[in-house]
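Let's take a look at how the parts of a protein model touch each other. Keep the picture open while you read, and follow along from one contact surface to the next.

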Amino acid sequence: MSEGIDKQILDSYLTALFDTDKAGALRVVQEALDGGLTPEQVVFEVIIPGMERMIGGMISDNLVTLSQHFLASQIAEEVTDRLIPLFATVPEVQGHVVIGTSHGDFHGLGKKIVIGCLKARMFQVTDLGINVAPEKFVDQALEVGAEVIGISSMMVHTATGERGPKRVRQLLREQGLEDRLRIIVGGAPYRFHENLFREVGADAWGDTAAEVPGIVARLVREVRS
Amino acid sequence: MMTGMERFGALMSGGTPDRVPIVCNLLDQGARELGLSILEYYSRGEHVAEGQLRMREKYGYDTLTGMFYSALEAEVMGCRNIIYADDGPPNVGHLVINAPRDIKRLHVPDDLNEHPRFRELTTCIGLLKKEAQGRFPVLGVVTASFSLPAMLMGVGPWMELFLNGDPALRDELLETCSLFCSRQIAALREAGADLIVYVDPLASATFIQLKKFRELALPWIIRDLEAHGPAGVIFFNGGGRINPILADIREHAGIGAYYLNPYDDITEARALLGSNSLIAGTINDIRLIDWSPDEIEREVEKIMLAGKRAGGFIFGTLLMPCGIPEENIRALVAAAIRHGHHAESVVCR
């Protein structure tokens, strides 16, 4: 497929994402497959660039909205799940993340968006759901062999409370697991306070879901080194 | 010295109060004042009214907030489980809408006071109105029809429905939520609310792009306010940026006061709104958890400077987290009083 056609496909896909037009975006994906793009090309040259445009401006310099993030992530997850079994070779898993919302927090949107972004970048993700006890984050991370624990919080008290990320950090310390597991946090409170992630004992935070795969990749490298 | 009510009255009639009015949204902190758990505190309207009165007296700001917690609206619409915390607002623990058929089953009571939780809320507002004796405006708070579904079905499913779902089902849900919003405004006003804070986070530029706002959210803002009119309504950001939508709301819904997000630029908001609207500029109150009094002073001064230049200005907070130490709340209000005074030569609007 020529470079010109690829660009046209990507542009059409980005336009659909910008308009939060799910049917339109999925139609572009199907047409690309029908037109001869391989599943790998669709994932790596259409879906992932679409997600990456979410970092810092999308097509125009307008504010990228949560609904655009939501849609890009949702499509990324759906299309990646469908196309990975069709890849010529099994893709290398980039790392394993267990993710959930902090104890007492019932807001699952941010987590859902992050999961889509991670899956599209070939991370294995174990979704622990909402209102997750700190002990469960650690136990599940050990059980599945994850390198990273992701904790999402929409409210200040669930981000900073004693049953939130602080307790997960404490458990890692008590069990001598700090070299084996990293903590990444995200959610509204962290966007209003740039140092809050450190105060709750996390190793990193993600301002937007689209930038999380890059940060998680770094954390995985740290654990594996 | 003017009362809070006189300060708001002066602003609303185009005049200049002695200083910028201060809105300090302390909610769950009232439980601490009364030595009650949050569950006990919110069980009675009398407790919440007492908590609000004590906190206003203690810190010296200009309003009384007649609100319990956002999830109370979901309770009135059928939510059967509210999750209480020791150190933060109660949460929705049961989603009312799990399938399309649940939307058809939603019911808005003709008289919201039939619901015992809503009755506690209006009892609280009535008490605040009585005790305020006209000195401080009582704020009633309602969630916009466009944002309420997020509490009834979850934000993700609601976004999926309004962006790419069945338009007929979406509109049916919005019709019901708008009826609830409209009846709530009437009931809160009847109970004694002087001003209505209209909260619409899903309509903000943080959630949806301007094109979608115009197509999906704006018509419902207009609808929500149709029965009672926009007078005395304050559009509250709910945690999202609203500068990009201000001009549209002003033009089409006629709301006269806008409560900005800390990341919305005050000068830009004034340029977008023209001279005939009030602006509440907000401090990033999550930072109040660990800022020093000096840092608070500098931040308040900066906001006040921009606000007084813009004119028609109110100083406000978002929903103050429980973790903010008392001395920082005192430092905040003291700084707002100090930097909020209008020099005689300054014309408010």
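Domain bounds here come from an automatic or database domain assignment. With that in hand, chain A splits into domain 1 (3–86) and domain 2 (95–224). Keep in mind that this is a predicted model. There are two contact surfaces to explore: one between the two domains of chain A, and one between chain A and chain B.

**Domain 1 meets domain 2 in chain A**

- The C-alpha centres of domain 1 and domain 2 of chain A sit 26 Å apart.
- Domain 1 of chain A brings 17 residues to the contact, and domain 2 of chain A brings 13.
- Together, the two domains of chain A bury about 1,300 Å², and carbon and sulfur atoms account for 74% of that area.
- Three residues stand out on the domain 1 side: A:Met51, A:Phe70 and A:Glu77 supply 34% of the area that domain 1 of chain A buries against domain 2 of chain A, more than any other three residues.

**What holds the eye at the domain contact**

- Two salt bridges turn up across the interface of domain 1 and domain 2 of chain A.
- A salt bridge joins the side chains of A:Glu77 and A:Lys119, with 3.1 Å from N to O.
- You'll also find three residue pairs in polar contact across this domain interface of chain A, both residues at pLDDT 80 or more.
- On the domain 1 side, α3 (39–52) and α4 (66–83) of chain A each give at least two residues.
- The largest share of that side comes from α4(A), with eight residues.
- Sorted by class, the domain 1 side has eleven nonpolar, three polar and three charged residues.

**Chain A meets chain B**

- Here 28 residues of chain A are in contact with 32 residues of chain B.
- The two chains bury about 2,400 Å² between them, with 61% of it on carbon and sulfur atoms.
- Three salt bridges cross the interface of chain A and chain B.
- A:Asp19 and B:Lys211 pair their side chains in a salt bridge, at 3.6 Å from N to O.
- Polar contacts between chain A and chain B come to 14 residue pairs, both residues at pLDDT 80 or more.

**Who does the touching on chain A's side**

- Two or more residues each come from α2 (22–34), α4, α7 (156–160) and α9 (188–191) of chain A.
- Which element gives the most to the side of chain A that touches chain B? That's α4(A), with six residues.
- This side of chain A divides into twelve nonpolar, ten polar and six charged residues.

Definitions and conventions. Residues numbered from 1 in each chain as written. Chains lettered and ligands numbered in written order. Predicted model: local features only at pLDDT ≥ 70, side-chain atom pairs only at ≥ 80, totals over all residues. Heavy atoms only, no water. Contact = heavy atoms within 4.5 Å. Buried area = accessible area lost by both parts, 1.4 Å probe. Salt bridge = Lys/Arg side-chain N within 4 Å of Asp/Glu carboxyl O. Polar contact = N/O pair within 3.5 Å; in protein donor to acceptor, adjacent residues only side chain to side chain. Helix = DSSP H or I, 4+ residues; strand = E, 2+ residues; numbered from the N terminus. Nonpolar A, V, L, I, M, F, W, Y, C, P; charged D, E, K, R; others polar.
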